[in-house]
Amino acid sequence: QGGELLCGGKVLSDREGHYVEPTIVAIDHSAACVQEEVFVPILYVTKFSDIDDAIAMNNSVPQGLSSSIFTNDSGTMWKWLGPHGSG
């Protein structure tokens, strides 16, 4: 879906069933796999322009199970903790 594989992604064929190793993918927020709940160990990384853009992206996903932000700015952290709809 147009993402960039950053690490992982190998199918684990040494066991019964369908398994994939933990994977990190850089991908656009509009990709279907980002908008839907997936049951695989994949971390999707998406760029945003500012904290308001990140909050809007986060709140546009219907399931809202979890989200993370990494910052050195405590003001940004507190702004993130307020209006986002995860968890």
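Visitor: Why is Thr 23 called buried?

Guide: Thr 23 has a relative accessible area of 6%. Buried means under 20%, exposed means over 50%, and partly exposed is in between (1.4 Å probe, protein chains only), so Thr 23 counts as buried. Bear in mind that this is a predicted model: local features need pLDDT of at least 70, side-chain atom pairs count only at pLDDT 80 or more, and totals for chains, interfaces and linings use all residues. Residues are numbered from 1 along each chain as its sequence is written, and side-chain values use heavy atoms, leaving out hydrogens and water.

Visitor: What is Thr 23 in contact with, beyond its neighbours within four places in sequence?

Guide: Leu 5, Cys 7, Gly 8, Gly 9, Pro 41, Ile 42 and Leu 43, where contact means heavy atoms within 4.5 Å. A polar atom of the Thr 23 side chain also lies 2.7 Å from the backbone oxygen of Glu 21. That's a polar contact: a pair of N or O atoms within 3.5 Å, where within protein one must be able to donate a hydrogen and the other to accept it, and residues adjacent in sequence count only if both atoms are side-chain atoms.

Visitor: Where does Thr 23 sit?

Guide: In strand β2, residues 23-26. Strands (E, at least two residues) and helices (H or I, at least four) are DSSP runs, numbered from the N terminus. Thr 23 and Val 25 make up the covered face of β2, while Ile 24 and Ala 26 make up the uncovered one.

Visitor: How do you know that β2 pairs with β3?

Guide: Pairing takes at least two bridges found by DSSP, and 4 bridges join these parallel strands. Among the partners, Val 25 goes with Tyr 44, and Ala 26 with Val 45. On the β1 side, β2 has 3 bridges in the antiparallel sense, with Cys 7 opposite Ile 24.

Visitor: What makes β1 and β3 edge strands?

Guide: The order is β1-β2-β3, in an open sheet with mixed pairing. β1 (4-7) and β3 (42-45) each have a single partner strand, so one side of each has no neighbour in the sheet.

Visitor: Why is the pair Asp 14 and Arg 15 called a salt bridge?

Guide: The term asks for a side-chain nitrogen of Lys or Arg within 4 Å of a carboxyl oxygen of Asp or Glu. Here the closest N and O atoms are 2.9 Å apart, so the pair qualifies. Asp 14 is exposed at 60%, while Arg 15 is partly exposed at 42%.

Visitor: How many salt bridges does the whole structure have?

Guide: The search finds 2. Asp 52 and Lys 79 also meet in one, at 2.8 Å from N to O. Asp 52 belongs to helix α2 (residues 51-59) and Lys 79 to helix α3 (residues 74-81), so this pair ties together parts 27 residues apart in sequence. Asp 52 is partly exposed at 43%, and so is Lys 79 at 38%.

Visitor: What makes Val 25, Ile 27, Ala 31, Cys 33 and Val 34 a nonpolar core?

Guide: A nonpolar core is a set of buried Ala, Val, Leu, Ile, Met, Phe, Trp, Tyr and Cys residues joined through side-chain atoms within 4.5 Å. These 5 residues form the largest such core.
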